[in-house]
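Have a look at the structure, then read on.

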Amino acid sequence: MANKTIDHAITAKTLKSAASDPTHAGILSFMRRRYTKVLKDVDVVVWGIPFDAATSNRPGARFGPQAIRRASAIMDNDPQYPFERDLFEEMAVIDYGDCLLDYGNHQKTPGTIEREARKILKSGAYMLTLGGDHFITLPLLRAHAEKHGPLSLVQFDAHQDTWADEKGRIDHGSFVGTAVREGLIDPATSIQIGIRTHAPEDCGIRILYGYDVEDMSAGDIADTIVRHVGDKASYLTFDIDCLDPAFAPGTGTPVSGGPTSAKILSVLRKLGALNVVGSDVVEVAPAYDHADITAIAGSTIAMYMLGHRAEWLAERR
């Protein structure tokens, strides 16, 4: 016990240290990273946006960041599979906490998210965001596109989210269409994976439907994504309802016929060639979960995003 610590999220002496908190105890930041708003010398910021007022079906994703952080405790101190490394040995990661939103004035939400995101990105840190419903990706895309130019969107989802919308309306089912019309993403190099619903338009974005994903191997799916996106700056967004409800029941709009968590994690592992400049995991709604199945899937997906970033940084140092 001499070398053990507790509450690593506030007691850590360095941003690159592994944690040794018992899995069942201690303050639950994402993977026990230090809670801080200080952005100096930070490689990655993990940020929560507890917003779900844009949901069209079951609310509850405002509790997603808490649930994902809680589930991430099982991955805090061992070499992370399948990356075979301590992700935090060379990569400085902080938990920036949550975005402060006015629950009584939702029209202010997009601007609040975008301003805070711009501040984080200005520091030079990579941002991994925990949602929240899928609307939050729109202001995040605005902030990232301001820095990187039009982005290639890599979207894992059961829904296209390309429904037409009135200007200024807040809806998690229209953010992709809005992003295309605003020039935030390049539809010709964007791709959606796991789609199992229909929308009036596809905005020119390539789609791998649920039946495509079922018939293809993980390697073929990943190869298709990498070839389509190329080396363009890309934004990776993962709606947890991409997974079949058997593997992610805790979400607002579940759709049967989706892929397994094992298959999609295998796809994610093979996307290291992408130039991902930002990412998020959204739509985890723990009130509909069972035994933290969905939260564990969400936290694992977020960890894979960190794993790719650790490899990307290692190649450049």
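Buried here means under 20% relative accessible area, exposed means over 50%, and partly exposed is anything in between (1.4 Å probe, protein chains only). By that cut-off, 57% of the 317 residues in the protein are buried.

This is a predicted model, where local features need pLDDT of at least 70, side-chain atom pairs count only at pLDDT 80 or more, and totals for chains, interfaces and linings use all residues. Residues are numbered from 1 along each chain as its sequence is written, and side-chain values use heavy atoms, with hydrogens and water left out.

**Overall build**
- You'll find nine helices and nine strands in the protein (DSSP runs numbered from the N terminus: H or I of at least four residues for helices, E of at least two for strands).
- The C-alpha atoms fill a box of roughly 60 × 45 × 40 Å along the principal axes.
- Of the contacts (heavy atoms within 4.5 Å) with a separation of 6 or more, 75% link residues 24 or more positions apart.

**Strand β4**
- Six of the six residues of β4 (residues 126–131) are buried, so the strand is largely enclosed by the rest of the structure.
- Y126, L128 and L130 point one way from β4, while M127, T129 and G131 point the other way.
- In a regular strand, side chains alternate between the two faces of the sheet.

**Its partners**
- Strand β2 (residues 44–49) pairs with β4 in the parallel sense over six bridges (pairing takes at least two DSSP bridges between two strands), and I49 stands opposite G131.
- Strand β9 (residues 275–282) also runs parallel to β4, joined by four bridges, with S279 opposite L128.
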